[in-house]
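Try each one yourself before reading the solution.

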Amino acid sequence: MRASAHSDGLLRPTRARIGVLALISVATLLNYMDRAVMGVAAPSLTAELHISPEMMGFIFSAFSWTYAASQIPGGLLLDRLGTRITYAGSLILWSFFTLLHGIAGNVAMLFGFRLALGMAEAPCYPCNSRILSSWFPQDERARANSVYAVGQYAGLAFFSPVLFWVVGSFGWRALFLIAGALGMAFGLLMYARYRDPADSRRVNAAELAYIKAGGGVAIAGKDEKIPFSWANVRKLMGKRQILGASIGQFCGNSTLVFFLTWFPTYLATERGMDWLKSGTFAVLPYIAASAGVLLGGQVSDMLIRRTGSANIGRKLPIVAGLLLASTIVAANFVQSNTLVIAIMSIAFFGQGMVNLGWTLISDVAPRQYIGLTGGVFNLCANLAGIVTPIVVGLIVGQTGSFYFALAFIGILALVGAAAYIFIVGDVRRVRTGLTNIGAGRSRKNRGKASGRINLCTN
């Protein structure tokens, strides 16, 4: 009986990766919730602390500055410390800074906490990318990516009423305290539960073989740690797959940033919709984006299974999503608010599909530089959080209209589609010589004999 059960266990792969996906899905949801609570708390917060709209704009933007600037250091930290320590530590730290918002007594404290929050959240998406590469075969990664990524859209759409209720019932400070405490508790759970595949007790040999056969990257806590080098960053960006995907993600992220920042103002000022109606209508594009994330992942993996081509399976849904995002400019030419919301929903649906860029980058990143590649990629993507709000604000301030602002967003989406079509090239793991200083030192004597330069080829 025992032997039979054991044999069945070997024949039937465990599904430990589903539990891992659940962990990062909740972590990603908390990540975006902690970004969004400031917007929910802003009306009460600004009144109590006497913060002007201009200053509040700087406070909002502070997150993006440090978040973008910390992407490469965050990826480096991931490659040095591994996924478990980096992810759990980041989660606990960003939740702690979220909690501290609740005790802020002045603008300086609030501004500082926003800077710290952006810095602490930086490793989240590089960690997610590394987990996808190590825990999922290639033809499951897009679906896995869509499951955890949908939290960033659905959370904003469906949790907003709860967040507003907390502020109305207990005050804005309680919102930060509750959100921060929940995140810190989950960070401890993440540390207790997460392991890389080679170190996990919940995965059997059959599942490990299934992941490996499907292109999963073997990552163990004992892997050699790669020293950081700016030369390696330059080499990564010199690879067309990484450069093209980074440009495309910047362009796609600009649509997301518009919806996170200027969309409610557009509805209220350009379309003349009152704030209550704007808030109700604003939920619909987020729901559409959630559907775009899920459908994009399903379609991508289906295409790979049917065609065997990563180029078709990964690039086609992303390009289609960017083309749909570009339709946002059509809102300039309709009068009906119902049609405007429909157009915005189509555009944001398309932007949701662009989230597949994270799956693509996990497919092409050099095996020993997944964290650094994810950091570079996320840095480029999140430059949109700095550039887009400023450009849109300048356009609206100078023209008094969103006409050219929507054109700007639409043009960027088209540029992103062109980057994926003409720059990315074949979707395959980059194999390049990146300088491994540590390995070079450890093999110094052997290198001397032949005069070879010690390189890590991936």
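A polar contact here is a pair of N or O atoms within 3.5 Å, where one must be able to donate a hydrogen and the other to accept it. Keep in mind that this is a predicted model.

**Exercise 1.** Work out whether Asp363 is buried or exposed, and find the side chain with which its own side chain makes a polar contact.

*Solution.* Start by locating Asp363: it's in helix H18, which covers residues 357-364. Next, check the accessibility. The relative accessible area of Asp363 is 3%, and buried means under 20%, so Asp363 is buried. Now look for the partner: the side chain of Asp363 meets the side chain of Arg141 in a polar contact of 2.5 Å. Beyond neighbours within four places in sequence, Asp363 touches Gln138, Arg141, Arg314, Val427, Arg428 and Arg429.

**Exercise 2.** Decide how H20 is oriented relative to H21, then list the residues that make the contact.

*Solution.* Take the geometry to begin with: H20 (residues 384-399) and H21 (residues 403-422) pack at about 150 degrees, with axes 8 Å apart. Angles over 145 degrees count as roughly antiparallel, so that's what H20 is to H21. The crossing is right-handed. On the H20 side, the contact uses Thr388, Val391, Val392, Ile395, Val396 and Thr399; H21 brings Phe404, Ala405, Phe408 and Ile409. Sort the residues of this contact and you get eight nonpolar, two polar and no charged.

**Exercise 3.** Classify the exposure of Arg80.

*Solution.* Find Arg80 in helix H4, residues 71-81. Its relative accessibility is 39%, so Arg80 counts as partly exposed.

Terms used:
Residues numbered from 1 in each chain as written. Predicted model: local features only at pLDDT ≥ 70, side-chain atom pairs only at ≥ 80, totals over all residues. Heavy atoms only, no water. Helix = DSSP H or I, 4+ residues; strand = E, 2+ residues; numbered from the N terminus. Buried < 20%, exposed > 50% of the residue type's maximum accessible area, 1.4 Å probe, protein only. Axes fitted to C-alpha atoms, helices over the stretch in contact; angles between N-to-C directions. Parallel < 35°, antiparallel > 145°, perpendicular 65-115°, else oblique. Left-handed = near helix turned anticlockwise from the far one by under 90°. Contact = heavy atoms within 4.5 Å. Nonpolar A, V, L, I, M, F, W, Y, C, P; charged D, E, K, R; others polar.
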